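Notebook open, model loaded. I want to look up a few residues and jot down what I find.

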Amino acid sequence: MKEASFLSVAFRADIVRRSARVAFVVGTLLALINHGDKLLQGALDSEAAAKILLSYLVPYCVSTWASVRTAQAGDD
């Protein structure tokens, strides 16, 4: 059986939903741990905002990668 491309699997609805949930939970925790003081003070600058976005993006990408590799391994 031909292996599906990484991107076609990565954009499957179930994988996107799972990765989004992981990113929401982990990203929120990371943002609060790393930038909670600035958030509470209302002193969020553009550099901190960019770092917070990365706090959500990285777990999304890691979860997606793991899910795709697992799905592809199941296709063997």
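I started with serine 19, which lies in helix H2; helices here are DSSP runs (H or I, at least four residues), numbered from the N terminus. This is a predicted model, so I note that local features need pLDDT of at least 70, side-chain atom pairs count only at pLDDT 80 or more, and totals for chains, interfaces and linings use all residues. Residues are numbered from 1 along each chain as its sequence is written, and side-chain values use heavy atoms, with hydrogens and water left out.

Is serine 19 buried or exposed? I get buried, because its relative accessibility is 0% (buried is under 20% relative accessible area, exposed over 50%, partly exposed in between; 1.4 Å probe, protein chains only). Leaving out residues up to four places away in sequence, I find serine 19 touching Tyr60, Ser63 and Thr64 (contact means heavy atoms within 4.5 Å). With serine 63 there is also a side-chain to side-chain polar contact at 3.4 Å (a pair of N or O atoms within 3.5 Å; within protein, one must be able to donate a hydrogen and the other to accept it, and residues adjacent in sequence count only if both atoms are side-chain atoms).

Next I looked up alanine 48, in helix H3 (residues 46-74). Alanine 48 counts as buried because its relative accessibility is 2%.

Last, isoleucine 33: I find it in helix H2 (residues 13-41). Isoleucine 33 counts as exposed because its relative accessibility is 67%.

How values were computed: Helices (H or I, at least four residues) and strands (E, at least two) are DSSP runs, numbered from the N terminus.
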